[in-house]
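Here is a walk through one protein model, from the overall fold down to a handful of residues. Have the viewer open as you read.

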Amino acid sequence: GCVETLGAVPHGALPEVYQSLDALVFPSRRESLGLVGLEALACGVPVVGSDLPAIREYVKDGRNGFLFPPGDPVSLARRLVEIHRLGSAERAALARRARASVAGYCQDKVIGELASTMRLLAARGGPS
């Protein structure tokens with residue numbers, strides 16, 4: 001296997017870059033949501049990410065990617081070996097689940113949920 005790091009990538013080229021990956025490594029020590037992880041999943045690329053609350057929100061260990069303890073390179077390496085050893089059917093299933101897992105993050109749904117929350121808060125007279 002080969003690990004390749006990339007510098008800055010133009011936004012328009014991101015889908016092609018994501019789709020060329022076997023996995024996206026997201027070794028954050030602290031992260032809010034991490035749009036890069038969601039973008040990779042949307043392209044069918046499993047995420048190998050730090051086991052942090054925000055990343056755990058969308059990376060389901062063994063279903064659409066893998067988690068490892070933040071700052072633990074040995075665990076990260078083990079997870080990468082797991083992905084490398086997957087058969088083609090397992091890889092395809094992982095990719096399908098990755099794409100399906102981000103459906104709740106599509107722009108229209110998020111905007112609709114935000115608008116509903118705003119209306120509810122307005123009806124209550126603001127945040128409590």
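Let's settle one term first: a residue is buried under 20% relative accessible area, exposed over 50% and partly exposed in between, using a 1.4 Å probe and protein chains only. Val 59, with a relative accessible area of 0%, is therefore buried. Keep in mind that this is a predicted model, where local features need pLDDT of at least 70, side-chain atom pairs count only at pLDDT 80 or more, and totals for chains, interfaces and linings use all residues. Numbering starts from 1 along each chain as its sequence is written, and side-chain values use heavy atoms, with hydrogens and water left out.

**Overall layout**

The protein has six helices and three strands; these are DSSP runs numbered from the N terminus, with helices being H or I of at least four residues and strands being E of at least two. Going along the sequence, the pattern reads α-β-α-β-α-β-α-α-α. There are 128 residues in the protein, and 30% of them count as buried. The accessible surface is about 8,400 Å², with 57% of that belonging to carbon and sulfur atoms; such areas come from the Shrake-Rupley method with a 1.4 Å probe, and for residues only the protein chains shown count as cover.

Contact here means heavy atoms within 4.5 Å. If you take the contacts between residues at least 6 apart in sequence, 44% of them join residues at least 24 apart.

**The cores**

A nonpolar core is a set of buried Ala, Val, Leu, Ile, Met, Phe, Trp, Tyr and Cys residues joined through side-chain atoms within 4.5 Å. The largest one holds 17 residues, and those touching the most other members are Tyr 18, Val 47, Ile 55 and Tyr 58. Helix H1 (14–19), strand S1 (24–26) and H2 each supply at least two residues of this core. H2 gives the most, with three residues. There is also a second, separate core of seven residues, which includes Val 48, Phe 66, Phe 68 and Ile 83.

Val 47 is worth a click. Residues up to four places away in sequence aside, Val 47 touches Leu 24, Phe 26, Gly 37, Ala 40, Leu 41, Val 59, Asn 64, Gly 65 and Phe 66.

Gly 37 sits in helix H2 (residues 35–42) and counts as buried because its relative accessibility is 0%. Beyond its neighbours within four places in sequence, Gly 37 is in contact with Leu 24, Phe 26, Val 47 and Tyr 58. Val 59 belongs to the loop between helix H3 (53–56) and strand S3 (65–68). Again skipping neighbours within four places in sequence, Val 59 contacts Val 47, Asn 64, Gly 65, Phe 66 and Leu 67.

**A loop residue and a helix partner**

Asp 22 lies in the loop between H1 and S1, and counts as exposed because its relative accessible area is 58%. Besides Asp 22, Arg 91 touches Ile 83, His 84 and Leu 86, leaving out residues up to four places away in sequence.

Here are some C-alpha separations to check in your viewer:

| Pair | Apart in sequence | C-alpha to C-alpha |
|---|---|---|
| Gly 37 and Val 59 | 22 residues | 8.3 Å |
| Val 59 and Leu 38 | 21 residues | 8.8 Å |
| Arg 91 and Val 45 | 46 residues | 9.4 Å |
| Asp 22 and Leu 80 | 58 residues | 9.6 Å |

**Helix H4**

Ser 75 lies in helix H4 (residues 73–85). Ser 75 counts as buried because its relative accessibility is 16%. Not counting residues up to four places away in sequence, Ser 75 touches Phe 68 and Pro 69.
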